[in-house]
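Subject: Structure handover, with notes on charged contacts and a surface patch

Dear colleague,

Please find the structure below, handed over for your own work. My notes come after it, and I would be glad if you read them alongside the coordinates.

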Amino acid sequence: MKNLLEVSDLSVEYRTYEGTVAAVNGLGFSLAPGRTLGLVGESGAGKTTTALAVMGLVPSPPGVITSGEINFAGRNLLSLPEREMKKIRGNRISMIFQDPMTSLNPVVTVGLQISEAIAAHQNLSDKEAEDKAREMLEKVQIPGQRYREYPHEFSGGMRQRVVIAMALACNPALIIADEPTTALDVTIQAQVLELMRSLKEEFSTAMIMITHDLGVVGEVCDHVAVMYGGRIEETGSLERIFDGPRHPYTRGLFRCIPDIEEKTSEIRPIEGLMPDPLDLPKGCPFHPRCPEAMEICRTVIPPVSDDGGHRVMCHLYGKGGEDRG
Amino acid sequence: MKTENMTLPGPKTGEREKRRSPWWEVWRRLRLNKAAMAGMAVIIVLVVVAIFAPVLAPKDPNQTNMKARLQPPSAEFPLGTDNFGRDMLSRIIYGSRISLYVGFVAVGIGAVFGGIVGAIGGYYGGRLDNFLMRCMDVLLAIPQIILAIAIVGALGTSLLNLMIAVGISQLPRYARVVRASALTVRGQEFVEAARAVGASDARIIIENILPNCMAPIIVQSTLGVAQAILSAAALSFLGLGIQPPTAEWGSMLSSGRQFLRNAPYLTFFPGLAISVVVLALNIFGDGLRDSLDPKLRQ
Amino acid sequence: MLRYFIKRLMFLVPVLLGVSVLIFSIVHLAPGDPAEVMLGPSATQEEISNLREQLGLTKPLYVQYGIFLTNTLKGDLGRSIKSNAPVVEEILDRFPATLTLAVLGMIFAIVVGLPLGILAALRQNTWVDALCSFFALVGFSIPNFWVGLMLMLLLSIYIPILPSSGFDSWRNFIMPTIVLGIQTMAVIARMTRSSMLEVIRQDYVRTARAKGISDRLVLVRHILGNVMIPVVTIAGLYFGNMLGGVVITETIFSIPGLGRLIVDAIRAQDYPVVQGGVLFFALCVGIVNLMVDLLYAALDPRIKAQYRAAR
């Protein structure tokens, strides 16, 4: 199958006064049309930076993309001029942000915030763009007559639905959803997730779901990529990862989920903290916290070993893998 | 632009700095701000000049010399002489005494009385607070300089009255700063605890509320001194502040005005002096504010 | 909205009442005796006490204040001691010049200050930013009377292209407008810059960029709309300050406005004019603040919603 998105060897740094932060380090993954990839990891793993890099929105300064390619529908986005990138942003690739309370402009009506995305990419009259925006509102189960209302008149869940309508307005090929439910009430989370899933089906959109919640991944994703220290340390199909996680970090993540059905209320968090991004450890970034760390982990970045599409970046597994993340 | 917290967690400052006192941390940040340090250097120089004016001034600032009237700047009179033949350089050096004195005392008056009003209002709250804040609104409803003019007009022109007038016209800003701090501190546990062990209200205000609003007060005061110097000079310029023949920058400017065409240095140098002091104070105040509140630092 | 407006108007009443008490007390603290001032040094003791009687100065202060307040409410601010003309007439006579100046000063402050702040923020940490910020800081720090005299030196004496006094052609307005507006300009530039830097970092600006709309639209619709809210507030607060500045401007450029009226009245101990003038200034400041409040509601739908709810 031809991939819609192929990211390879992507590295992003933030150059701040305090030092250089290696946020993403030689990261690579791919996504087929219509599929959903779950990008999982703790905050600070580089998930949002990866998403912003795909959108061409890494804040600069201080962000610098130091290497890599982002191939989207056959074109390398990193070499496109900003003018071309604007045509893709919001049109072919759009993004849903984490906090609906802050991601909508408080002084612009929600309707206009949707219709401006349509007007930017489609040659429509104002009236037509408005009609289309009302239609999108209805699609996310908000009455079209609330077009002229402001964000403060909506609840958090409704605002996130507005953001979803905005993202889907131009029928993009890819949606990047950055923790779209994290800021919402638990009861609303399921609703929004369900809505996203059904709209994704309806529009046959590919999606990157960024989350730290493996439950969300299990519900909506086909593929999973687990990030740590700016790298993908394990990736594979949902079944492979969920049924047989291989990397000690991924296994640690699964142990963190309280399992309601099994009633064993024992949660075992991964010990230690994310490494200081200003000063990533040598070798495998996870080794200081890894219960199975070996001598080699301290010095050598582990190669990738591939087991039928289930790839893991860990010295515990066979050596014959390619050396790409 | 700051990087997003999402992608940049973790400690940003080293362990070493954490142990130091917050004021030391402020000083560390302030030292990195070149503009603020330059402003501070200028202020220090001016204070030294003001203190040692009798030593530094080449001539007696009030010694008239009718043979050397309206001399343009020369080797003997670096900044020229005025219409009475007085040495402008010496007068400007002496003028720094008055400007700084008026600035600091006026701010002192404003900060002390404004601070008391704000602390009482914020601490006790309720109707008293409401009343005091309405009074501040009244003061704010009259343009500062008009208020100062009216006060000086009523009290008569003198150095003390000038400082009182400028001080009163600045009162509301200090009242507001202190009140805001008092409001946030009031409900906190350590205040409740102090009250529980029977500390008097005055003591709670002095020991708990004041230290908490020192930072904004210091910033306001620095910027306030700059404003006060400007206001005082403006009043003197209008003939309602320091009266001639006292060497004061505003009144020197005012008397030099009639010779603008033939002796522009009489207005140029005093104005430049005022500008330099006020600019230095504002730059320093800005830097101080940024170091006290690093969130605002861009 | 209308009801809110009326409510805000009502808030103005206690403030103005307070101002009247304050200015009445200040004026009556003055050591000079108005009767002596009116009659001059040659007057006899008897003449003076007769006039004092006539002016009501022998009555207790609170009675005098009562009379002052009742008359003020009737629109009568008394008569000038110097000219014997009704104070209201004197004020209204001088008001157009001052109002023109103030409006021009504000326009200057906004037209120069706003782009300066925007430019500085868009080019943050470059030499453009440094230059704009320094310019604003200088504008904030130099005494406006000095600016006035230096402008006059440059543009009326060295290169005589502008008149240094008078009030009849548009060319008379240029220098006074700059002098009056420069500090407010600096404040607006500084506020705009910091507000811009704050807004640029907001999530909703990133959302807007993620839509692929033009940079111009992001700036105008998404950034400036939010930047204007604090800027309008600060401009409103500084309007009062600027109104005070007319005292200086009118003195330097010999413009017969309200500021000069008050300064001259204070010098001449013409207390009814001082009282009336200050009260009138406070009224202007109050009205401007009210207008700013309404503008604020127009800019920020959240505030407008609060007003609606407050009905």
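Predicted model: local features only at pLDDT ≥ 70, side-chain atom pairs only at ≥ 80, totals over all residues.

Residues are numbered from 1 along each chain as its sequence is written, chains are lettered from A and ligands numbered from 1 in the order in which they are written, and side-chain values use heavy atoms, with hydrogens and water left out.

Taking a salt bridge as a side-chain nitrogen of Lys or Arg within 4 Å of a carboxyl oxygen of Asp or Glu, the count over all chains is 32. One of them joins A:E84 to A:K87, with an N to O distance of 3.3 Å; these two residues are three apart in helix α2 (residues 82–88) of chain A, and are therefore separated by about one helical turn. Helices here are DSSP runs (H or I, at least four residues), numbered from the N terminus. With buried meaning under 20% relative accessible area, exposed over 50% and partly exposed in between (1.4 Å probe, protein chains only), A:E84 is buried at 18%, while A:K87 is partly exposed at 46%. Both residues also belong to a network of salt bridges that links A:R75, A:R83, A:E84 and A:K87.

Elsewhere in chain A, the side chains of A:E295 and A:R298 form a salt bridge at 3.8 Å, N to O; A:E295 is exposed at 61% and A:R298 partly exposed at 40%.

In chain B, the closest N and O atoms of the salt bridge between B:D129 and B:R179 are 2.7 Å apart. B:D129 lies in helix α6 (residues 126–141) and B:R179 in helix α8 (residues 159–186), so the pair ties together parts of chain B that are 50 residues apart in sequence. B:D129 is buried, at 7% relative accessibility, and B:R179 is partly exposed, at 22%.

Chain B also carries a nonpolar patch on the surface, formed by B:I44, B:V47, B:V48, B:I51, B:F52, B:V55 and B:L56, with about 620 Å² of accessible area together. Patches of this kind consist of residues with over 30% relative accessible area and no salt bridge, nonpolar side chains (Val, Leu, Ile, Met, Phe, Trp, Tyr) being joined within 5 Å; the areas come from the Shrake-Rupley method with a 1.4 Å probe. Helices α3 (34–51) and α4 (53–56) of chain B each supply at least two residues of the patch, and α3 gives the most, with four. B:V48 is in helix α3 of chain B and is partly exposed at 38%.

With best regards

Note on methods. Patch = residues over 30% accessible without salt bridge, like charges linked within 9 Å, V, L, I, M, F, W, Y side chains within 5 Å.
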